[in-house]
Amino acid sequence: MIRDLLNSIEKIEIPSAERKFGITRVLKRYDGTPVYIRDVEGYEVIGNLCNREVIARSLGVPVKDLMKYILRCMEREKEGELIVNNRLKKEYVEDPPSEIKNYPIPIYYPRDGGPYITSGVVIVKDRDYGVNASIHRILVREDHLVIRMVEQRHLHYIYTKNIVNGEVDVAIVIGVHPAILLAASTSGDITFNELKYASVLMGKPLELVKCDTVDLEVPPGEFIIEGKITREMEDEGPFVDITGTYDKVRKQPVIRITSLKRRRNPIFHALLPGGVEHKVLMGLPQEPRIYRGVRNTVPTVRDVVLTEGGCSWLHAVISIEKRTEGDGKNAILAALASHPSLKHVVVVDEDIDIQDPKDVEYAIATRVQADEDVIIIKGAKGSSLDPSIKEDKTTAKMGIDATISFKKNREDFIRAQLPEE
Ligand code: MN
């Protein structure tokens, strides 16, 4: 339960905040640090919940081992165990669907299309592909929802496949364990069961609650919204994306609410768009994919990070134990190929701390000759999230090989150190 986790992590406590912009002000001020707001129109709200430290702690691994732990768990997804626990039902009360307008759902920024659910884990089922869990932004209207479904994503695929036979059962769970948020942010192949993966991440079976009005079993979050995704389309947006800039208005599917459940004293999870939590949840699941891609080419790769400054999406730093001249360049090419949204990559030696942007800049400052160490690739497919993308949707990609050249004397690069005391 999210309440247990809340008691075990460091957090800022705030007595109250306004739903409109007030939650945003608090979350922006403490971006990266969990914030517990005691009262938002009568509800408790948690924000900035997931950073690397909280995720690592909630999974019981040191931060420095997080990426490799995630990689191992992804490979064992099928071993996850799901158990439907009927006793969990007693912990919930039912609200009329119209009650959703009184939930503490934030209006984050002035141009937003309305109040938005940003931490909802959206669960659907398909006869051939099984269960899918993913996070999508959801616009809240008076008595219905409008969901942003990015084309090609699993939810969009399953919706498009099933809507021809009628409305699609859906459940949206708000206020779940970080392992479930991380799992739902992970894109495997379409049969990848995110809930089983969450169980592997947590190292124990994941208990599920059976829904009443739709044929789904879902994690026992703080709020459970059951409904039907319809053929109807309505305006969705504008809304702020990971880069902190606005995404445009589009026609998106309407969800009719069939049941609204919450715990007796529920904690609502507000996830700040463009904040550290958003970035960590988007970026962290990509790091193992990049690591795996680079490892196929440069087996001595040590670590990968999608940096916060690069929106945890567009910039990667990779450390390798360089064995032969050219390893740095190969690592650049492999990284760009394994995460197509990647725009700029820096490859460094293993003595550089890739979690420290200053140390990475130090490597660029002292180990790079731009005429030899920078690769630029023109006209590649870019990320739709990058506001500087060209009109034909392509982008230039750049790799910086900031490893020490084997043509140089390695001694000249060793940093002075005191002996251990
Ligand atoms: Mn999926």
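## A walk through the model

Start by selecting residues 280-402, where UniProt, in an unreviewed entry, places the feature "domain: 3-octaprenyl-4-hydroxybenzoate carboxy-lyase-like C-terminal" (UniProt positions follow the numbering used here, feature names are shortened, and annotations may be inferred rather than shown by experiment). Before you click on, know that this is a predicted model, where local features need pLDDT of at least 70, side-chain atom pairs count only at pLDDT 80 or more, and totals for chains, interfaces and linings use all residues. Residues are numbered from 1 along each chain as its sequence is written, and side-chain values use heavy atoms, with hydrogens and water left out.

Residues 280-402 are 35% helix and 28% strand, with their end C-alpha atoms 25 Å apart. (Helices are DSSP runs of H or I with at least four residues, strands are E runs of at least two, and both are numbered from the N terminus.)

**Next stop: helix 10.** Select residues 327-338. Helix 10 spans 16 Å from its first C-alpha to its last, close to the expected 16 Å (1.5 Å times one less than its number of residues). Its buried residues include Ala331, Ile332 and Leu336; buried means under 20% relative accessible area, exposed over 50%, and partly exposed in between, using a 1.4 Å probe and protein chains only. Now show helix 9 (286-297) and strand 21 (344-349), which are among the elements covering those residues, with contact meaning heavy atoms within 4.5 Å.

**Then the metal.** Which residues hold the protein donors of the manganese ion? Pick Asn132 (OD1), His154 (ND1) and Glu194 (OE), which lie 2.1 to 2.2 Å from the ion. Donors are N, O and S atoms within 2.8 Å of the metal (3.2 Å for Na, K and Ca), and water is not among the atoms, so sites may look incomplete. Histidine 154 is in helix 5 and glutamate 194 in helix 7, 40 residues apart. Histidine 154 is buried at 17% relative accessible area, and glutamate 194 is buried too, at 2%.

**Last, the rings.** Rings of Phe, Tyr and Trp (its six-membered ring) pair if their centres lie within 6.5 Å; planes under 30 degrees apart count as stacked, over 60 as edge-to-face and the rest as tilted. That rule gives eight aromatic pairs. One of them is tyrosine 43 with phenylalanine 223, a tilted pair at 6.1 Å centre to centre and 45° between the planes.
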